[in-house]
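Dear colleague,

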Amino acid sequence: MPGKAISFPGGGGSLELPSGAPVASAVLVSCFACLGHSPGPARLARSLVSRGFAVLRLDFTEGPAQGGDGGPDTVPSVDAVVAASVWLAAHARVPRLLVGHSLGGTAVVASLPRLPDVAAVALVNAPAGANEVRALLPPGERDAAESSFMLGPGRLRLGRDFLTAIDEAAVAKALGAFPGALLVLHAPEDRYVALDSARRWVTGARRPASLVMLDGADHFLSRPEDAAYAADVLGPWAARHVAPVREREAPLPEGQVEVREASEGGLAQDIRVGTHRLRADEPLTLGGQDSGPTPYGLLAAALGACTSMTVRMYADRHGWPLERVRVRLDHDRVHAKDCAECESRVGRVDGL
């Protein structure tokens with residue numbers, strides 16, 4: 001998904017827009033050490049953009065340098081989260097959703113007292129304060145004005161002011177005063193942030209929060225399937241609590257289907273069928289983002305569903321004791337020369 005590079009005082013990132021006018025906007029603060037190795041930030045942003053959100057992805061790190069480990073672009077700060085929200089309000093819409101991964105989530109919560117228009121917050125593997133972070137710092141740097149250390153694939157450069165801003169007491173107070181919705185996504189096997197942080201987020205919220213366990217995932221959501229699962233949870237939750245997005249559109253007349261590009265320059269397609277929403281895409285190997293079934297997959301699914309429904313109706317009509325129907329289809333491209341009744345003897349034809 002293409003994004004427009006932006007900068008503002010204290011930070012920078014990319015702005016990603018839906019194909020039409022945004023119905024809501026969000027600031028997504030990426031994991032400070034994910035760099036380019038994690039598909040998490042892109043997946044989370046894509047899930048929101050597909051539902052009509054304008055998303056400003058705020059990054060505090062840059063990719064690995066040629067022949068080196070790379071390093072942080074700027075020192076993270078809560079001020080930058082606020083500045084990103086102000087920029088987004090001026091250039092798109094006032095952000096109603098904040099999403100934070102890892103320390104990005106902690107920074108998001110710390111910024112809430114200064115962002116009264118936020119209606120919902122989503123946290124992914126976020127520590128509930130600075131203590132867990134201080135424990136990872138070299139002993140001689142825990143009280144230094146600035147510390148730098150490796151965390152997974154990236155290097156963090158943290159200032160004392162930032163650690164003070166995300167102090168446990170300050171973060172707990174900010175969360176307790178927040179009247180909006182809270183989603184907590186956490187990997188039980190996270191090596192860096194204990195599961196107790198997720199418990200503290202949920203119990204400290206002013207209103208009932210949603211907790212989803214990312215079983216088998218690591219801190220960085222480095223596996224595409226884990227990032228996709230987190231994104232699949234975030235998107236519908238955000239649409240429900242922030243803006244009803246596509247539900248605002250009138251249903252299509254029966255028999256009509258609408259397909260439109262999900263984002264400029266991408267292969268993903270948003271599909272409307274009545275009041276239902278679907279997504280089609282291509283796999284990564286073919287230039288897509290694998291955010292939905294391929295058109296061939298959707299076609300096979302339609303044939304399978306039709307077959308299963310027909311068998312069920314036929315069994316019910318004749319009173320047969322049919323317990324359950326399962327249809328499994330395979331799609332392939334076979335050589336035309338293998339087709340006895342094909343018009344062409346070259347190329348390939350579809351087979352189910």
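This is a predicted model: local features need pLDDT of at least 70, side-chain atom pairs count only at pLDDT 80 or more; totals for chains, interfaces and linings use all residues.

Strand β5 is largely enclosed by the rest of the structure, because five of its five residues are buried. Leu97, Val99 and His101 point one way from the strand, while Leu98 and Gly100 point the other way. In general terms, side chains in a regular strand alternate between the two faces of the sheet.

β5 has pairing partners in β3 and β6. With β3 it pairs in the parallel sense over four bridges, and leucine 28 stands opposite valine 99 of β5. β5 and β6 also run parallel, joined by five bridges; here leucine 98 stands opposite valine 121 in β6. Together with helix α3 (residues 103–111), β5 and β6 make a right-handed β-α-β unit.

In strand β3 (residues 24–29) one finds valine 29. This residue counts as buried because its relative accessibility is 0%, the cut-off being under 20%. Valine 29 lies 77 residues from threonine 106 in sequence, yet their C-alpha atoms are 9.7 Å apart in space.

Helix α8 (residues 224–241) comprises 18 residues and reaches 26 Å from its first C-alpha to its last, close to the 26 Å expected. Its buried residues include Asp226, Val233, Leu234 and Trp237. The buried residues of α8 pack against α1 and against several strands, among them β4, β5, β6, β9 and β10.

Yours sincerely

Note on methods
Residues are numbered from 1 along each chain as its sequence is written. Side-chain values use heavy atoms; hydrogens and water are left out. Helices (H or I, at least four residues) and strands (E, at least two) are DSSP runs, numbered from the N terminus. The expected span of a helix is 1.5 Å times one less than its number of residues. Buried means under 20% relative accessible area, exposed over 50%, partly exposed in between (1.4 Å probe, protein chains only). Contact means heavy atoms within 4.5 Å. Two strands pair if DSSP finds at least two bridges between them. A crossover is right-handed if, with the strands pointing away from the viewer, the path from the first strand over the helix to the second runs clockwise.
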